[in-house]
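Trainee: Could you take me slowly through the salt bridges of this protein, and then show me what surrounds them?

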Amino acid sequence: DTALYPTEIELTQDSPYDLVAGHSFADMTFYGSIIDVGTVLSDIESFRILDADGKDVTRNYAPCYTNGLLTVTPRIITVYTQSAEKYYDETPLTCNVYGVYPDKQYALVDGHVISVTVIGWQLDIGMSNNYAEESATYIRSETRDVTHNYEIYYEYGTLFVKPHAVLYVTSASDWKYYDGE
């Protein structure tokens, strides 16, 4: 997990002035960092303004400080459950195979592991979705639960139970002479 830190100072549109040509910000330090989803304030601790020759000219400016914001938004992933099929055999068809699409939006962060409880099943002939228990999906880093840092979408496979066999049934034949009954 990598923290987000402020890295530069911006002059706001409210500022009537800009830095003198050739002047630049240097040696900037800030308060504030964030790793998980959310927003925190970013404060300027210190900085210097240097002229083109590297001379400190900070005292020639009267800075007015405004806090910035550091924001981490949820990482979007899509979890899929795999499809399966079988012939009817009086036992439920289940398939506990799942994964995260690496090419949809984003993959999991390196080092994160997902746990999904797949609950889909199909007993009789027919088809149904291979659902996952969405509230039982967890993502962990090496040290902690990071599920809240993801926005998780699901794509469900299908479970298809086919007829055991096609049976051709013919009623039995018989005969008799008419006997009035």
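Mentor: Let us begin with Arg48, which counts as partly exposed because its relative accessibility is 32%, and please keep in mind that the model is a predicted one. The side chain of Arg48 meets that of Asp56 in a salt bridge, with 3.6 Å from N to O, and Asp56 is itself partly exposed, having a relative accessible area of 28%.

A second salt bridge is the one between Lys162 and Glu85, whose closest N and O atoms are 2.9 Å apart. Since Lys162 belongs to strand E11 (residues 157-162) and Glu85 to strand E5 (residues 84-87), this pair ties together parts that are 77 residues apart in sequence. Lys162 has a relative accessibility of 19%, and because the limit for buried is under 20%, Lys162 counts as buried.

Asp89 and Lys86 form another salt bridge, in which the closest N and O atoms lie 2.8 Å apart.

Now consider Asp51, which is placed in the loop between strand E2 (38-50) and strand E3 (68-72). Asp51 is buried, with a relative accessible area of 17%, and its side chain reaches the backbone nitrogen of Lys55 at 2.8 Å. If we leave aside neighbours within four places in sequence, Asp51 is in contact with Gly22, His23 and Val57.

Gln122 counts as buried at 12% relative accessibility, and its side chain makes a polar contact of 2.8 Å with the side chain of Ser128. Beyond four places in sequence, the residues in contact with Gln122 include Thr91, Pro92, Leu159 and Val161.

Finally, let us turn to the nonpolar side chains. In soluble globular proteins, such side chains tend to be buried together. The largest nonpolar core here has twelve residues, among them Ile77, Val79, Val100, Ile114 and Tyr154, and the elements giving two or more residues to this core are strand E4 (75-81) and strand E10 (150-155). Val79 touches, among others, Val100, Ile114, Val116 and Tyr154, when residues up to four places away in sequence are not counted.

Definitions and conventions. Residues are numbered from 1 along each chain as its sequence is written. This is a predicted model: local features need pLDDT of at least 70, side-chain atom pairs count only at pLDDT 80 or more; totals for chains, interfaces and linings use all residues. Side-chain values use heavy atoms; hydrogens and water are left out. Buried means under 20% relative accessible area, exposed over 50%, partly exposed in between (1.4 Å probe, protein chains only). A polar contact is a pair of N or O atoms within 3.5 Å; within protein, one must be able to donate a hydrogen and the other to accept it, and residues adjacent in sequence count only if both atoms are side-chain atoms. Contact means heavy atoms within 4.5 Å. A nonpolar core is a set of buried Ala, Val, Leu, Ile, Met, Phe, Trp, Tyr and Cys residues joined through side-chain atoms within 4.5 Å. Helices (H or I, at least four residues) and strands (E, at least two) are DSSP runs, numbered from the N terminus. A salt bridge is a side-chain nitrogen of Lys or Arg within 4 Å of a carboxyl oxygen of Asp or Glu.
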